Amino acid sequence: MKLSIFPLILLCSFVMGSLLSPLSGLGNDSSSEIQLIALSVFIFVVSYDVGSKMRASSIRSIMKQTFILVISCIAGSAAAGILFAIAVNYGIKISLAIALGMGWYTFDGPALASYAGASYGAIAFFSNFFRELLTLLLYLPVSTFAGRIKPIAMGGATTMDTTLTVIRSSKEPVVTSLAFAHGALISFFVPLLVTLALI
Amino acid sequence: MVADYFILIVFVVGFILGLKHGNRLRLPHAEKLGSVLAIFLLFATGLSLGNSWLTEAFTGVLPLSFLMALLAVSFSLLMAELLWRNFS
């Protein structure tokens, strides 16, 4: 499969899924279960493939890189939240909580909705959803001038699942491992940071 | 939340199995299989999210959300560039 058209195929697949959603007759629970099963099988295949291509020395070498990416993602998201608060005159706590969702829209949307109301919840959901979409669209173009590793920070928590599909297209096991480790650590920190921002 | 921890466990198990047995038991056509699964996964994600994000695309909430997403993506990349240059 050619690298240049693969993200387009992924995007089309996503849009097709969205468009066909009302026709599918599946409830939210059923389609979420299908998504979880598909994600689990995908993650297993990817992780087994990555593990079979990795050596112990290369695992040690990604720890420092993962740490730099995680700090970049958290600091960058916090800076975006502060700038957003100034630009649109929102409360700093709310803006930080939205930004520190770091792509995890299924958590951040409901969290903000229950704390600050439906409109903030909607912004939290869509901004994190757009972050995922932007990463899907921009990872490959950006990686042509910034390298394969640094743009991983754009994806936040999504680099362990949906955007891993695009990042994996670099066909470098180290990049895939870094992306997953980054996404997993960010997913660990998101509930903590969002809760801290809202206190 | 539970799903995230579940896939984290799946990743760790798959990764360890790959490290231990990957040389003997290679997955046939792993890259092609991964690509096909990725396409199906995104289809399932679209199915799960529904089409509300498409139909509500230009209401007041979405421009603000897009601005936040753009800022977050840009600043994360900028911070990665800065930290990478100084600490890697």
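Which residues in α4(A) meet which residues in α8(A)? Select K93(A), L96(A) and A97(A) in α4(A), then V194(A), A197(A) and L198(A) in α8(A): these meet (contact: C-beta atoms, placed from the backbone, within 7 Å). By class, this contact has five nonpolar, no polar and one charged residues (nonpolar: Ala, Val, Leu, Ile, Met, Phe, Trp, Tyr, Cys and Pro; charged: Asp, Glu, Lys and Arg; polar: the others, Gly among them).

This is a predicted model, where local features need pLDDT of at least 70, side-chain atom pairs count only at pLDDT 80 or more, and totals for chains, interfaces and linings use all residues. Residues are numbered from 1 along each chain as its sequence is written, with chains lettered from A and ligands numbered from 1 in the order in which they are written.

Now show both helices whole (DSSP runs of H or I, at least four residues, numbered from the N terminus). Helix α4 of chain A spans residues 92–99, and α8 of chain A spans 173–198. They pack at about 170 degrees, axes 8 Å apart (lines fitted to C-alpha atoms over the stretch in contact; angles run from 0 to 180 degrees between N-to-C directions). That makes α4(A) roughly antiparallel to α8(A) (over 145 degrees).

Next, select α5(A), residues 105–116. Its buried residues are Y105(A), F107(A), D108(A), G109(A), A111(A) and L112(A) (20 or more other C-beta atoms within 10 Å of their own, placed from the backbone). Step on to G117(A), which follows α5(A) and has a positive phi, near 110 degrees.

Finally, bring up chain B. Here 61 residues of chain B are in contact with 78 of chain A. Color α4(B): the largest share of that side of chain B, 22 residues, comes from this helix.

Note on methods. Helix = DSSP H or I, 4+ residues; strand = E, 2+ residues; numbered from the N terminus. Parallel < 35°, antiparallel > 145°, perpendicular 65-115°, else oblique. Contact = placed C-beta atoms within 7 Å. Expected span 1.5 Å × (residues − 1). Buried ≥ 20, exposed ≤ 12 C-beta atoms within 10 Å, placed from the backbone.
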